[in-house]
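Hi everyone, thanks for coming. Let's take a look at this one together.

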Amino acid sequence: MKNYFAESSHLQTNDFIGLLIWMCGFIPAVLIRPEKLQIPFFVCFVFFCGSCFGMLIWAVSQAHGPGDLFHEPGTAPNTGWAFMFGVTAILGSWGSGTLGQSDWVRYSKRRYAPTLSQLVACPATIAITATIGIIVTSASNKLMGGDIQWNPIYLLADIQEYYGSSPRVRAGVFFASVGMVASQFSISVVLNSVSCGMDLAGLWPKYINIRRGGYIMAIIGIATQPWQLLSTADKFLSVLSGFGVFMAPATGLMLADYHLIRRYRLKLSDLYRGDSTSIYWFRHGVNWRAFAAFTAGMWPLLPGLAGNVNGWNSPQWVGWVRLYNLTFLVGLAIAFLVFLGLNWVFPVVGIDETGPFLEVEDVIDGVEKLGDVSSSVRGDDTYRKRAEASIV
């Protein structure tokens, strides 16, 4: 297809058409209530597993093994720092999902329902998919040669070209692509649309709900031109791992606030009051300690992020890049300690206060009103008794 976009835009006409088709499916998905998404997510998971194991079986069977790259030793100039960068990349890319877990575990029917998935399913899926990716990349490179292709979407295009775009390979590539698209579709809805919608709804609930927040996220996402991130694989991976620069400090101050400063005590009713009567109002609605701790944990890592993305290898950047390789550990630790220290020197009010979402008096008053309404309609207090029993 002829490209009508400038070369500097890093955008192809056919890719842009794909983006429009994607949005036609993504926008209606935002309308689905979060508690109704379990079945669609399960379907996407089945499709993705079929694609992963299908490509694994094809690659290993055709290459008669995992390939030569799987057995090659590491070529990094410093294996230790390269290892830490790998840890940082994983923690950074999964950091947003970790912080957003509360958006979804609140739909659990049991208190400890998410424990098994967090301790077993998450690490297992990360390890399995990463291992499959390494084996498929190694075996396909042995089979087809050329440049090493880590991106599964580009690899499917190479497979179709390698087999001469025969009808069978086009069908196989289509079904494999369905699994990859379904995976990205579910991730976009879970981690981007719904989570962002929940955050924006909490920030401005009078005008924004979860759906409107998801639409705002979609508009901003297109405006950021994500195809620029995909222009090169190296830059894409560098930017992806760079998310830890922002996720690590946020995680550190949240851990310090909940575990050590407040010691698991929350006054739920005050969380939903946006005025000075709430203990979480701080100063004019802003907790400056959190911003200070976040900045302290973030700024030492920014030079290393810039040096890593742009490939600056001069001696004056080596120290910054190595510090960046420890992003999640350093950023979390700095923000954790700074936030803890600021709250010790400048304590906030209401640290020891705790309370339910509704006070007992409010619950009783609500039951009384419900009883009055039901009595006027039914002529008895049947509904009132049911309401009182459900509250208890």
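So, let me start with a pair of helices: helix 10 passes helix 14 in a right-handed crossing, meaning the near helix is turned clockwise from the far one by less than a right angle. This is a predicted model, where local features need pLDDT of at least 70 and side-chain atom pairs count only at pLDDT 80 or more, while totals for chains, interfaces and linings use all residues. Residues are numbered from 1 along each chain as its sequence is written, and side-chain values use heavy atoms, leaving out hydrogens and water.

Back to our pair. Helix 10 covers residues 244-261 and helix 14 covers 327-345; they pack at about 40°, axes 7 Å apart. The axes are lines fitted to C-alpha atoms over the stretch in contact, with angles from 0 to 180 degrees between N-to-C directions. The two are therefore oblique to each other, which is what's left once you take out under 35 degrees (roughly parallel), over 145 (roughly antiparallel) and 65 to 115 (roughly perpendicular).

Zooming out, the chain has 16 helices and 0 strands; those are DSSP runs, H or I of at least four residues for helices, E of at least two for strands, numbered from the N terminus. Of its 392 residues, 29% count as buried, that is, under 20% relative accessible area with a 1.4 Å probe, protein chains only.

Leaving aside residues up to four places away in sequence, Leu156 touches Met55, Val173, Ala176 and Ser177, where a contact is heavy atoms within 4.5 Å.

Technical notes:
Buried < 20%, exposed > 50% of the residue type's maximum accessible area, 1.4 Å probe, protein only.
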